[in-house]
Amino acid sequence: MHCDTLILGAGIVGVSTALHLQARGRKVILIDRDEPGSGTSHGNAGLIERSSVIPYAFPRDLKKLARYSLNRQSDVRFSWCHVPRIAPWLLSYWRNSAPAPLAEATRAMLPLVQRCVEEHDALIEAAGAQALIKANGWIEVYRDDAAFAGAKAEAEAVRHYGLAFEVLDRQQLLAREGDLGHSVVGGIHWLDPKTVTNPGALVRAYAALFVQRGGQFIHGDARSLRQVAGEWQVDSRRGPITAREAVIALGPQAAELFKSLGYRIPLEIKRGYHMHFQARAGAQLQHSLCDVQAGFVLAPMDQGIRLTTGIEFAASDDPANEIQLKRCEAVARTLFPLGERLDKAPWLGRRPCLPDMRPVIGPASRHPGLWFNFGHAHHGLTLGPVSGRLLAEMITGEATFTDPAPYSAERFR
């Protein structure tokens with residue numbers, strides 16, 4: 001089998017890249033060992049996060065760092081035996097979170113974040129996936145007056161990015177979410193983002209659109225990628241597939257390929273969990289809620305109310321550990337009347353992260369015809385379509401809607 005471009009990875013980034021290349025006349029084959037949207041794309045909080053213009057930075061406050069060092073927080077947890085291995089990466093992340101480099105990362109990411117909703121909207125309409133989307137934003141909730149005051153100041157500081165939000169006192173918050181507990185003191189309702197009630201189903205809807213338009217999705221082993229007579233080839237259930245170009249869009253598994261090809265890109269994993277719950281009789285959750293202090297999101301999903309945790313630093317293949325999920329669940333039950341767990345076991349996902357808080361999008365400099373699109377950290381769902389568009393413009397030689405230089409793999413040479 002032969003095509004113009006092989007896309008390795010059928011998560012939101014890979015599927016979106018396939019659609020954008022297909023729309024530009026390329027014959028594309030999408031390769032994954034699993035079904036589309038069954039990896040990291042499946043288990044996130046379902047936010048198309050237009051309001052996250054400031055990347056998630058490493059804490060710089062010494063008091064906060066001291067609290068985290070005790071490893072008792074609900075928003076961040078780490079495996080002690082993993083810390084020595086990841087320490088150089090954490091140090092780089094910390095350095096990139098200083099004011100000047102964080103401002104640079106914010107400028108770099110802004111063109112992607114600004115277009116994220118409109119790029120999703122176009123695919124949602126084409127895929128007929130409107131039933132999976134809610135356009136009522138999401139709400140940060142606070143249980144502490146000092147934290148709420150700080151959040152209001154931070155919201156005002158980003159208003160100039162064109163973001164729409166409403167500051168809610170306790171009574172206004174309870175008017176929008178009447179089943180919240182008495183611990184809340186207020187919230188910030190971000191109005192620009194959209195939310196997804198089943199992220200995995202959205203990716204599968206995009207993949208179905210790709211196939212409907214003539215593309216092929218084939219189960220195969222991305223790790224078998226090799227150069228043959230100047231082209232790229234992978235093994236699949238239908239035999240070898242060869243293409244002039246290949247795109248590595250494997251999210252947390254991307255390192256398995258690029259390292260074997262000699263690229264030293266500092267990709268690491270932030271693990272996270274989710275669990276679905278029933279609501280207690282009569283209780284309803286109208287919006288996705290983020291408890292910033294405790295580091296979790298409660299999101300109304302098709303499968304139930306999804307509780308997603310913050311960050312766990314542990315080896316990618318370590319067994320799941322429920323400590324962080326239990327800590328978040330304990331706080332969440334004071335915030336909203338959660339009922340029984342609906343899943344037999346927690347879902348464990350892996351976010352692909354780079355220390356300068358921006359993805360790698362662009363060519364592999366030493367291998368003509370090979371391209372990268374990975375490292376979207378907490379915002380893979382948000383940025384999949386827009387980064388797919390940018391890479392497709394680069395591959396086909398179009399004028400790009402923004403300068404791709406900030407996302408080049410060459411920044412790590």
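The following questions and answers go through a predicted model of one protein chain.

Visitor: What conventions apply to the numbering and the values?
Guide: Residues are numbered from 1 along each chain as its sequence is written. This is a predicted model, in which local features need pLDDT of at least 70 and side-chain atom pairs count only at pLDDT 80 or more, whereas totals for chains, interfaces and linings use all residues; side-chain values use heavy atoms, with hydrogens and water left out.

Visitor: How many helices and strands does the protein chain have?
Guide: Helices (H or I, at least four residues) and strands (E, at least two) are DSSP runs, numbered from the N terminus. Counted this way, the protein chain has 10 helices and 21 strands.

Visitor: What percentage of the 413 residues counts as buried?
Guide: Buried means under 20% relative accessible area, exposed over 50%, and partly exposed in between, with a 1.4 Å probe and protein chains only. By that cut-off, the buried share of the protein chain is 57%.

Visitor: Which residues have the most contacts inside the largest nonpolar core?
Guide: A nonpolar core is a set of buried Ala, Val, Leu, Ile, Met, Phe, Trp, Tyr and Cys residues joined through side-chain atoms within 4.5 Å. The largest has 62 residues. Those with the most contacts inside it are Val15, Leu30, Leu112, Trp190, Leu202 and Tyr206.

Visitor: How many residues are in the other core, which includes Trp232?
Guide: This core lies apart from the largest one. Among its members are Ala222, Trp232, Ile241 and Ile248. Its size is 30 residues.

Visitor: Which residues does Val15 touch, not counting those up to four places away in sequence?
Guide: Contact means heavy atoms within 4.5 Å. Val15 is among the residues with the most contacts inside the largest core. Its partners are Gly9, Ala10, Leu30, Val203, Tyr206 and Ala207.

Visitor: Which side chain makes a polar contact with that of Ser52?
Guide: Ser52 lies in the loop between β3 (47-48) and α2 (62-69), and at a relative accessible area of 14% Ser52 is buried. A polar contact is a pair of N or O atoms within 3.5 Å; within protein, one must be able to donate a hydrogen and the other to accept it, and residues adjacent in sequence count only if both atoms are side-chain atoms. At 3.0 Å, the partner is the side chain of Glu49.

Visitor: How many residues of strand β16 are buried?
Guide: Strand β16 covers residues 304-308. It runs antiparallel to β13 (residues 268-279), with four bridges between them, and pairs in the antiparallel sense with β15 (residues 296-301) over five bridges.

Visitor: Which residue in the turn between β20 and β21 has a positive phi?
Guide: Four bridges join the antiparallel strands β20 (residues 360-363) and β21 (residues 370-374). They form a hairpin with six residues between them. The residue, with a phi of about 90°, is Gly369.

Visitor: Is Arg358 buried or exposed?
Guide: Arg358 has its place in the loop between β19 (347-353) and β20. Leaving out residues up to four places away in sequence, Arg358 touches several residues, including Glu104, Met109, Pro406 and Arg411. Its relative accessible area is 8%, so Arg358 is buried.

Visitor: Is Ala229 buried or exposed?
Guide: Ala229 is in the loop between β10 (216-228) and β11 (231-236). Although not a glycine, Ala229 has a positive phi of about 55°. Its relative accessibility is 80%, so Ala229 counts as exposed.

Key: Pairing = 2+ DSSP bridges.
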